[in-house]
Amino acid sequence: MSLAEIEAETESKRVGEETGGSLGREAWKRLRRDPVAIIGFVLIAFFVLVALFAPLLAPYAPDAQPGAGTITPTNIPGPSAEHWFGLDELGRDEFSRVVYGARQSLLVGVVSLILGMSLGLLMGFLAGAFGGKVDTVVMRLVDVMLAIPGLLLAIAIAAVMGPSLLSVMIAIAAINVPIFARLLRGQMLAQREADYVLAAQSLGVRRRSIMLGHVLPNSVSPVIVQGTLTLATAIIEAAALSFLGLGSADPGVPEWGRMLASTQRYLASAPHLAFFPGTAIVIAALGFTLLGERLREALDPKYRR
Amino acid sequence: MRHHSLSRRLLALSAGTVMVAGLAACGGDDGDEGEAGEGGGGTLVFGGSADPVILDGAYVSDGESLRAIRQIFETLVTTEEGGTEIEGLLAQDWEASDDGLEWTFNLQEDVTFHDGEPFDAEAVCFNFDRWYNFEGVLQSPAVSYYWSTVMGGFAQNEDPNLGESLYAGCEAPDEGTAVITLTRPSSAFLTAMSLPSFSIASPAALEEGGADEVSGTGDAPSFEGTFGYENPAGTGPFQLESWDRGSRLTLSRYDDYWGEPAQLDTLVFSVIADGPARRQALEAGDIDGYDLVDPADVDALEEAGFQILRRPAFNVGYVGFNQALPPMDNPQIRQAIAHAINRENLLQTNYPEGAAVATQFMPPDLFGYADDVTEYEYDPERAQQLIAESGVTDLTLDFWYPTDVSRPYMPNPQANWELMRTDLEAVGFTITPQTAPWNPQYLDQVDGGNAQMYLLGWTGDFGDPDNFIGTFFQQQQPQWGFDNPEIFDVLNRAEAETDEEARVELYQEANRLIMDYLPGLPYVHTEPAIALREGVEGLVPDPVTNERFVGVSID
Amino acid sequence: MLRFVVRRLFQLVPILFGLSLLLFFWVRALPGGTAVALLGERATPETIAQIERLYGLDRPIWQQYLSFLGRAVRLDFGNSVRTNRPVVEEMLRTFPATIELALAALTFAIVVGIPLGYFAARRYGGWLDSVTVSASLLGVAVPVFFLAYILKYVFAVQLGWLPTAGRQDPRVDAEHPTGFYVLDGIVTGNPAATWDAVEHLILPAIALGSIPLAIIVRITRASVLDVVNEDYVRTAEAKGLLARTITRRHVLRNALLPVVTVIGLQAGLLFSGAILTEKVFGFPGVGNFIYEAISFRDYAVLQGFILVIAAVYVLVNLAVDVSYGLIDPRVRVR
């Protein structure tokens, strides 16, 4: 589905060459000086703040209709001093709706990330820690999940569960489960051969404490990178599902993807209705992409030069 | 069984004449058809929203299939262009016996099917016997909807719920005369014969093409024959040239057509599923016209020099209340809802010009329309008062809207729903959104009586009130969930009445009763529009979408 | 080598088996149950019972699964409820369209992406590099349907340079023996039809190609950077080999390895993007068809299509693995 998936794939193909370094002071220093990372961070902060303080920022409630009685299908006013982003097809303030849309977007992104990541990491950990049959079973399951293109998997899940916010979250989480499972397993397998593990083993440290005490913590930083990137794709995926009509059942809830879809018919006469929610998606996704990329580079010795 | 009675007597729509004048204004100088033909020829591409299902009128009831079938096939009688009055087509004239059981049709002469076979009384009887003898899956209302609706049954009914067929038999005393016998008198019979589902096809082509071969080995009934896909031989002005499934259907002029031949050389129905894409295709010149123009596009298209043809309003959009699910059984709650919804604002915001606020469940141009029904004007205070009087405390309502659909009476259901929700919550209701894709879940939920309050509507098939309020309210139905013998009785009497004036009065009485009772809130009648590029002439918008391309020319 | 391929093929069996199981139960989990899902509109209790008997839905579940599997192996997925045609026929109609679109998108991404990534890396830190890197990051963040809208609005609606929707102008007299319209035009000796089909492909291909483009640029750049810094390239440079020779002999060939992998992995990504792109451009391919199947709850279509798409996807991945193994023998050992 996403760049994240591809990167995870190439990541795991490179396993063995590289081990993710720890999120050390070095990396942090590099990040702080990196203008791209800072831009990413600022965009994320902006997005999160808008989402949190939506009621303060938005001049109108998302379902209020300040333009009621003036709107006709062919007269949808664009941006003005009074309505910064113009009015939508029902006379609602587009700016307020885009602002409230950030909440939905953040909520879906974070919840689906947490769901997908937890399950994925659990599966990856089981496969990586126990190996053998557990590994085979888990990885075959992952293969099956990866065999269905991401969006199609999400659509299939959403079709069973019916249109609701929860089903969108679960659908997106499902896309991310195999990515995290593969990532963590790959990391753990690679670390198992690492010198310090071999050393610990030769010292007679028990396998479980090696896994929990050393291998797992050392696999955390690629997971953080992947998580950041996944947030970006989760936001886009949520918009895509909602664009396809599989979002929340309440059409009054402002979702960027749905706003974009429902204004298809006004594309020629009121392009602002497509422009603002579309741009909002880009900004939110871009923040996480930039930070995630730079985080990856900061942590990956390959990029240090 | 769903009740589908038909009219006993048909009155002409006054809209017919109004329409012709309206068209002249829209389409510019229409000119004589003969004159326009001199520059004739060419290819007209018309954008449709979907591929036809099959080119066999007996098996379809969807608009895209019927549009194509209307050009390829002809019926015994038809509705006048732009109106609903019955006139001859393959039958020059007809006569009913005094007891109303025997219908004698005098057929057009020198008519041949596209496969070269002659059209005669034998062919007419062949077609009727074919439909009458449908078996198995073919009897499913999903397949032969209009036959079971109009005729009620088959030679051997698979479903015991089907009644005795209205059809008794067909005889051909001579080539030019077909006599159809009915089991009981019905003046609705003639009206129904104008439906494209009763198109006369070439018996030879039907047999060779295996038109009745249907298999059930798949997961759904599947038509095995080639008739409806490759060789649909009718008598119409156009014949099938090629069908690139899912993309375009190409018809070519039938040169041996018995009437005035078509002016176009080729008529293409091109599939563009996406509404906005159809408009853009018209603007880009990819297509010459398309149907179901979005309200948002009407003004812009007109300004850009495209023609907008509006069909006379022959539909109604309504909010349905299911009284089986409280508190909808409370009349004050229903009235409160009616007073709470600002229909004027709704129409202005979501509908194009030409949409009118509905006061009752049928369009104003139809006979039986009552000017003096109880009206429920927008009055939120009155609504709050009614709620208080009702004594109902739980004001949570499940309100359903369909997705993935655009109907002539509700181009954007979700937008209608949102505006109504705002209005209803303003007077104190709490609205729970419920939604499902239009087909099949939404219709299942509504028809099955599971939807407390829902958006729905109706487009008429015939020019008769029975096709509107008779369909809705003549008997108990799960979607409405009420039992009101008074209304049922008036509608039954109206259907049985043979005196025209008495019938009009009965329907007016029914409309008054219905709007007092308020089983639902009708809110809109629209004029569904067709868009054409400049230079396309001769298409007459029709209330029952019976548009014929035979007289259409392009520059 | 052959053993490697055979082994990989065997690994496919459990995946496809698992998939068929998932899909089988997926349809049964859908609201309304199988019969309603398959019957579509106008399902009545009587017809549901009839269908359930007819298709053996009253039999034990494992028998049903086996018969589903048996039919799936013979590519019999039943009929589309919406179009009343066999699902296989719909596949033959829609797959060529999507494959054509995907190939066009990939071609666009490769033709633009590899040179861009290469030159960005060769001029590491320069303005071209910065612009390329920023654009590729931005490209990842722009949803494909939003980009499709923008392209359509600007180039089709406003400028009118290219068609807004579809695969072929209905006016163009074209025959379609293969279903690949560009190829059809060439085969039937109809340059007008070929050109028309190409015109219809341009905007959707650019929109769809944007994601692989961003990735290909970045992977190419990263790979070239890796290789450039490898010892043998440094040695070659030190030996005074011409830059162009280094490029050809070492850098490009080694750098292309990860790019090949990534291109293979695009299959699923392209497919997800195709659903969205085809919807915006009304392009009659698999994506659009599936979207409509969802709207109409045409589950026979969804079941069959998802299974076949997954099979194709898995096979593409296999092909990539194999070709990777051909290029780099070390991979086979895995």
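Me: Hi! How many residues of chain C are in contact with chain A?
Reply: Hello! In this predicted model, 39 residues of chain C are in contact with 40 residues of chain A.

Me: Nice. Which helix of chain C gives the most to that side?
Reply: That is helix 11 of chain C, with ten residues. Other helices of chain C also supply at least two residues each, including helix 1 (2–29), helix 9 (191–228) and helix 13 (299–327).

Me: And how do the residues on the chain C side divide into nonpolar, polar and charged?
Reply: On the side of chain C that touches chain A, there are 34 nonpolar residues, four polar and one charged.

Me: Switching to chain B now. In what sense do strand 17 and strand 18 of chain B pair?
Reply: Strand 17 (residues 396–403) and strand 18 (residues 430–437) of chain B are parallel, with eight bridges. Within that pairing, Y401(B) sits opposite T435(B).

Me: What do those two strands make with helix 14 of chain B?
Reply: Together with helix 14 (residues 413–426), they make a right-handed β-α-β unit.

Me: Which residue stands opposite F399(B)?
Reply: M453(B), in strand 19 of chain B. Strand 19 (residues 453–459) runs parallel to strand 17 of chain B, and two bridges join them.

Me: Back to helix 14 of chain B: at what angle does helix 12 of chain B cross it?
Reply: Roughly 150°, with the axes coming within 10 Å. The crossing of these two chain B helices is right-handed.

Me: Which residues meet there?
Reply: From helix 12 of chain B, N345(B), L346(B), T349(B) and N350(B) meet A415(B), N416(B), L419(B) and M420(B) of helix 14. The residues of this contact divide into four nonpolar, four polar and no charged.

Conventions: Residues numbered from 1 in each chain as written. Chains lettered and ligands numbered in written order. Predicted model: local features only at pLDDT ≥ 70, side-chain atom pairs only at ≥ 80, totals over all residues. Contact = placed C-beta atoms within 7 Å. Helix = DSSP H or I, 4+ residues; strand = E, 2+ residues; numbered from the N terminus. Nonpolar A, V, L, I, M, F, W, Y, C, P; charged D, E, K, R; others polar. Pairing = 2+ DSSP bridges. Right-handed = clockwise from strand over helix to strand, strands pointing away. Axes fitted to C-alpha atoms, helices over the stretch in contact; angles between N-to-C directions. Left-handed = near helix turned anticlockwise from the far one by under 90°.
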